[in-house]
Each structure stands twice: as structure tokens, then as C-alpha cells.
Amino acid sequence: MSARMIEQPWQRWAIRFALFVALAILCIPGLWVVLTAFRPNVEIMARPPVWIPQHPTLDNFRRIFGLLPAEQQGLPVADYFRNSLVISVTSTIIAILVGMMGGYAFARFRFRGKKAMFLGFMLSRTVPGIALSLPLFIVWSRLGLIDTKIGMIVIYLAINIPFTIWLTDGFFRQIPVDLSDAAQIDGCTRWQAFWKIEFPLARSGLASAAIFAFLTSWNEYALAAQITRTTNAKTMPVGLMDFTAQFTVDWAGMSAMAVLIIIPALILTFIVQKHLIAGLTFGGVKG
Amino acid sequence: MLRSPRAIPYLLLLPSIVVIAAVVLVPVLVSLWSSFTPYNLTRPATLFTFVGWRNYQRLFANADFWWAFGRTLVFVTVALNLELVFGLALALLVNRVTTGRKTIRTIMMFPMMFSPILVGFQFKYVFNDSVGILNNALFSLGLITRPIPWLVNGALANFSILAAEIWMSTSIFAILLLSGLLALPQDPIEAAKVDGCNPVQVFRHITLPFLMPFIYIAMTIRSLDVARAYDMVRIMTNGGPAGRTELLWTLIARVGYQNSQMGMANAMGYVSILTSIAFTFYFYRKLSLSRRYMGGAE
């Protein structure tokens, strides 16, 4: 199985070909959506199909932001974008702070009920979003939190905290306890030792945990679709459904919006990719 | 008492516990209560009428529910197994090339950035019978003369949804298993080869056992978010045509929000919650066991 094994040339080419096909399958659907976002509607409907865009245009983006006066009125995509951003960023920051405290507790302390508590946090994530949305809808409407940003932020906090705890627990475990102990012998308090020694060492891990949390909130649909109603709190994934009616779909508009949703995710995933794998496996295997 | 060092871990965990209690624990209990009531959104007072097991009795006598439940189980089982097989194959392939591994891994991460609702939209578009890229390509290649109704025919719609689900999550398996393969110690493999093992034997008795914890991690992670398939199905078919792609999750949304039968929907929700927990717990246990095994081997 190792790369050191002697390979026949035909084997090497067969492997490359298989990889090429697999990667093409992973790329083409997304690429097609991106191309569609820049096409005029005539080209989307054309038969025989137009593969390479002949008349690239930004009109689809202008239209969904309501910048094309003559045609349809635009959808409140700018509002959705702002809501998504506010909700995701706020819930991420709080989730990291709160989750980091929890992760530190699990990594550095022995206490009663530790195992059960850890399992409890993880189990809280198993509740399917749509099943959780039912009682949340009941409770949130009694509390007046339906269709508010605060309501969504609190929900995403609960979704992100368990995963942040899981990741930060792994990161703090990798930092030798001796470092903090040495600092404390030299006169630091535990609090100082944490901020001067352990926090800087865990910083890159925390950054990737933050990006995970952001992406989870940014991409979430099932809960937001039920808890948000209007431009007050509706997020991008929920807004995407505005483009579909019973029998008609605005492919161009939806593709443009899809591009807007994917761009931040693309950039962030690219930044975090090194930690993505390390975070997932270290947190899991070395437990 | 609060100042004693024993209290520190509990204090550190307090904010997390409060949030989880408020957003998950209490609502799940509300869900449990309301599943024993005839709660209807149009008649708020019904939340306080206790009817015992009536919702569950009706549920278990309802063929639509069993269809959706069974379809969900089959869907999840088939999807996870195929994702594992494809993910393993992809990881082994990438492990065999020496150049461009980093670029390939970046490309493999591509589907992981997609929100499930986007994956659903993307495949709604791919499989669309009149403007979809798949039918367009088949036309251009001269393989078909009439459009294939991917999302209109029941069996084809199930296939399409499965394809979208596999596209979305195969990468998670591939990436985790690849990192396992890269960490695989070479010595036992060399030794086995010297002792005359063929590649299949090496794979079965060395590579695969070593990969097991990674497989269970991937399965545990996936079992946590498997209900994300709801988003995808919601946008692709919303359970149609004629309920032929109805999963437990889309059925819950329909009964709860469209028909306002919250009590009944919560009963279904509870079935889905318990199923999910059982499922995750199973993989989590397997993970702990294989971890312990790994620890012992070191």
C-alpha cells in the first residue's frame, strides 16, 4: 500500500485517471452553479446547451440586490447577508469564549461526573435540527424570541459550544501541563499562566474552532427556517428558498445567491484547512 | 465553597451548561411533554391537555410514518456505507500519488464548505430535467433522446438524493482516512511483505485494523450531522413526488408546521431523537473501544 511499492506505468496512469474522474465529480456541480450565476437567463434555458458562457454578466447579482430598476423588485438579500453576518459572528465569538472555558476544564481538571458531562455535551448535538426546532418554536414564541437575531444567536451558541469544547479539549491536552506548572512555580497565578502560556499555544487551534463555529452558523438551515420569518432575522440559507415557487425556480438568481453564500465559506475553509484535519483527528484519536 | 479549587471546573463549565440546558435540555423536555398532548398551533390551550400515549399509538398505526421511518433508516445506512467505501477508495488513491497531494486534498475539501441547502440546490439544478447539466450532457453525448425525469420519478428521485448526500459527505471520510493512512507506520508493512504477504493481506490485517479508529471517528462525526440531509431533501423534492422521498425529518416538518399538529410532530421528533442518540452512542462506544485498543498496542 505504500508509495514505495514498485508500480507499473499503466498502474500509475490508471490511478491518475481514477483520481481525475473523482475530483471532476467533486468540482463540476459547484463550477456549474458559479458559471450560471454569471449567465443571462437566455443562456441558461438554451437548447442545445451553452457550455462556456458567451455573454458573462453581473446582472444576476444586480437583480438580487434590487439594483436593476426596470425589472422585478429585488429581494432583501442585503438584509439577509447582514443578518447572517451578525448572527454568525456574534454566536462564534461567544461560543469560543464559553467553549474554551469548558474545554480547559475537561483537559486540566479531574472532577466528579466528568465523563458523563462530556458525553452529555456530545449527545446534545445528536438531536436532529428539525426535531429540536419544534419545541424551540414553542418556547421561543412564548419568550418573544421568534424572528429575532438574539433568538438565533442563542440557538447557534448551543450548537457550537459542544464542538468547541471537543476541539479545545484536544488542543489543551496537547500542551504539556508542566509548562503551566513551571510558570506557577515561578510566581504566576493559574489565571496568568493560562493567558501567558496556554492560550498563546492554543491560539491557532482556537482560530480553527472559531472558523468551524462560524461556518456551522453560516450554513445552518433547518432551525433558522422555522425560527426566522422576516428581514429582521432571516439568514442567507433561508433566503435562498425565496427563489423557489411551486413550479418555477429562478436558477440565475439562486445561483448568484449561492455564490454569495459560498464565497466566505470558501475563503475560511481554505485558511483553516491545515487545522481541519489535525483538529478532527487529534481531538478524536489521542483523546 | 465557591472559592475552593474543587469548584473551578464546575464554574468553568457553568456557562456551557446553562446554554445547553436552555436551548437543548429544556426544549427536549417540552418536546416530550407536548408529545403527550394534542397540541395544535391554532389552539394554544391544547398544550395543557394530557392524552397519554395517544399520539404514539396513532403514529405506530400510521403507514406513512413507517414508510418515512424505514426510508430514513435505509437512506442513512446505504449512504454511510457507500460514503465509507468511496471515501476509503479515494483515500487509498490519493495515498498512492506522491505529487500534488496537497492540492488534491484542498479539492477534496470542496464539498465540505457547502451548506447542505446549497448542496440540495446544486443537485436540484444538476438533476433538473430541462436545464440540468446531467440531462444536457447525456443529450450532447447522444445517449438519450428524451429528458430523464430525475426528480419527478419516485425511484430516480431517491437515487438523486442519495447521490447528493454521498457527494456531500464522502470527502469527510476520505480526508479522515487519508490522515490515518499518512500516519500508518511503515515497519509492520515492510515486515509483512518480507514475510510474503500479498497487498490484499497487508490491507486486511495491517492497514484496515489501523484505520478502524479513524473510521469510527468519521462515523461518529457523520452520525451527529446526518439529519442535515433534511435541508437537502427540503430543497430538492420536499418529500415529493407524492411522498416517495419523504424522510422522517421532512414528515416532522410537514406535520408540525404545515398541519400545525405540534403534539403529533413532537412524538415523531422524539422517535427521531432517540434513534439519533442510539446511533451516535453506538459509534461513540466503538470509538472508545478502538481507542483503548490502540492505547494498549502502543
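Two residues are said to be in contact if their C-beta atoms, placed from the backbone, lie within 7 Å. In this predicted model, local features need pLDDT of at least 70 and side-chain atom pairs count only at pLDDT 80 or more, while totals for chains, interfaces and linings use all residues. Residues are numbered from 1 along each chain as its sequence is written, and chains are lettered from A and ligands numbered from 1 in the order in which they are written.

By the contact rule, 72 residues of chain A meet 78 residues of chain B. On the chain A side, helix α12 (residues 251-285) gives the largest share, 14 residues; helices (H or I, at least four residues) and strands (E, at least two) are DSSP runs, numbered from the N terminus. Sorted by class, this side of chain A holds 57 nonpolar, 14 polar and 1 charged residues. Here Ala, Val, Leu, Ile, Met, Phe, Trp, Tyr, Cys and Pro count as nonpolar, Asp, Glu, Lys and Arg as charged, and the others, Gly among them, as polar.

Within chain A, an automatic or database domain assignment gives domain 1 (9-62) and domain 2 (77-285). The centres of these two domains, taken over C-alpha atoms, are separated by 32 Å. Their contact draws 9 residues from domain 1 of chain A and 7 residues from domain 2 of chain A. On the domain 1 side, α1 (9-37), α2 (41-45) and α3 (59-64) of chain A each give two or more residues, with the largest share, 4 residues, coming from α1(A).

As for confidence, the model scores ipTM 0.88 and pTM 0.88.
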